[in-house]
Amino acid sequence: MNDTVRDPQVAAALEGLDVPDHAPDFWTDLTARLHAEEAAAPAEAPEAPAERGDGVVVPLASRRSAFRRHALRLTTVAAAVAVLAVALGGGLGTENGPLAPRPATAAEVASRVNAAFAEARTLRGTLVFRDAAGPGDRTTFIATASGDLRLETTTARGEVNVIAYDATRGVEEGYWLPGPAAASPPSAGVRTGLAPVQTPDQGPMAWVLRTSLAATLRAGSTGPAPEVTYEGRPAWLLEADAQPQDSAGDQAIDHIAATIDRETALPVRVVESRNGRTIREITIEGLTTGGEADRAAFDLDLPAGVTVSRTDEGFRRVPLTEVEARAGYAPLVPRTLPEGFELAEVAVAKRGGHTGPEGLNPDSRDVVSLAYRRGFATVLVTTRRQLPGEWYDPMGSGEGIVDRPERVTLGGALAGAERAELVVNAQGTAPHVWALTGTLVVTVSGDLSRAELLDVAGSLAA
């Protein structure tokens, strides 16, 4: 590389960083030193290799948010310029040449989003739903990394719906107040004995923001993530094709797009469309992380005079050491988990609900549910007895969505399984592996990549 190309590019890159200004004669002195070193070097001496390799990009996962959010190719300039390391995001440099920006890929952005959710302890914000008819529901939420959740929704018709889940007690409470034009009376309900996660068993209400976002990220695209501006802030755009739901009619979609704020790596907008026409749009206002949640927010005071329906789903929280005595078999525990995941909830039910598409599977007996958490990221391992009859994927999407499972071969306790499948569907349930062992039906699901799912599933051991 000649000096007239190299030095101005290095200067332009350095000028983009938040560092004190150089002395007035910095670049003149640097250029003189480089010329002197090149003149002194033997003509046949090969160029010294870069410390990290020319053109290597610092992995997103290794960067810290305290740095400017840019991705910068690393280079060594005749041993006179140290490695330039910056973090998280788009580009820094010139349009051409060795310092040209490399756009972040969708996989890298998805990794950043997962990291942001994994690091968070409390999330607050408001979801605004819109469809072809115009603005619809507004849902204010507060959620904790322990699994607690409170949703307060006001619909376009003036109805009010409040749901709160206390993960410590395994209790979900909710009530509905009719709008001015409604003829129905208010209603309320309490659900106890819930599984840690909604699918495949009866768990708490799915968190709508996490579900919508995960649907996009699960597409697994490895292409570039376009850089956009959303409400004056730099953002990324993630897009994925979706399988139209036969049963959805006019609400069927074939495309999902998520806008991710680059500074926080949190979602700010999700758009679902068909043939280029927006079917639904969710925007997230005031999304914040951090701070302690008031525990009283997850213990509702139900309206006086309202009839309350009560349901017990049968799951009981127990120590892991008591599972075998209650279920009649040793639990399958992963020996391999991505860093940071810890066992958060253990629940056992002698009898669970029906699973699979449209609930077609045989009864669920002696169900064990193990939830591992890392911030808002969750990995769930479930087992249940394989009763006689035909078994379908316990986490199958159903309702018009056609899953495309991939047959896999696993190790550990699932080695030699009668059937083992990996399912990653941009519009269905969470990415998961399910297997039939001859005695047990097993699922492994959660916020994991394809490779991580296979690693965790293949590491299960009694």
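The model is predicted: local features need pLDDT of at least 70, side-chain atom pairs count only at pLDDT 80 or more, and totals for chains, interfaces and linings use all residues. Residues are numbered from 1 along each chain as its sequence is written, and side-chain values use heavy atoms, with hydrogens and water left out.

**Overall fold**

Six helices and 24 strands make up the secondary structure of the chain. These elements are DSSP runs numbered from the N terminus (helices H or I, at least four residues; strands E, at least two). The chain has 462 residues, and 47% of them are buried. Buried means under 20% relative accessible area, exposed over 50%, and partly exposed in between (1.4 Å probe, protein chains only).

Contacts are heavy atoms within 4.5 Å. Of those between residues at least 6 apart in sequence, 56% join residues at least 24 apart. The chain exposes about 22,400 Å², with 51% supplied by carbon and sulfur atoms. Accessible areas come from the Shrake-Rupley method with a 1.4 Å probe; for residues, only the protein chains shown count as cover.

**Nonpolar cores**

A nonpolar core is a set of buried Ala, Val, Leu, Ile, Met, Phe, Trp, Tyr and Cys residues joined through side-chain atoms within 4.5 Å. The largest has 30 residues. Val109, Ile260 and Phe376 have the most contacts inside it. Elements giving two or more residues to this core include helix H3 (106-119), strand E3 (122-131) and strand E13 (277-289). H3 gives the largest share, five residues. Another core, of 29 residues, lies apart from it; Tyr329 and Tyr372 are among its members.

**Salt bridges**

The structure holds 27 salt bridges. Each is a side-chain nitrogen of Lys or Arg within 4 Å of a carboxyl oxygen of Asp or Glu.

| Pair | N to O distance |
|---|---|
| Arg262 and Glu227 | 3.7 Å |
| Arg326 and Glu322 | 3.7 Å |
| Arg351 and Asp363 | 3.3 Å |

Arg262 sits in the loop between E11 and strand E12 (267-274), and Glu227 in strand E9 (residues 227-230). The two are 35 residues apart, so the pair links distant parts of the chain. Arg262 is buried at 11% relative accessibility. Glu227 is partly exposed at 40%.

Both partners of the next pair are partly exposed: Arg326 at 39%, Glu322 at 35%.

Arg351 lies in strand E17 (residues 342-352), and Asp363 in the loop between E17 and strand E18 (364-374). Their bridge ties together parts 12 residues apart in sequence. Asp363 is partly exposed, at 23%.

Salt bridges with shared partners also join Asp148, Asp166, Arg169, Glu173, Arg295 and Asp299 into one network.
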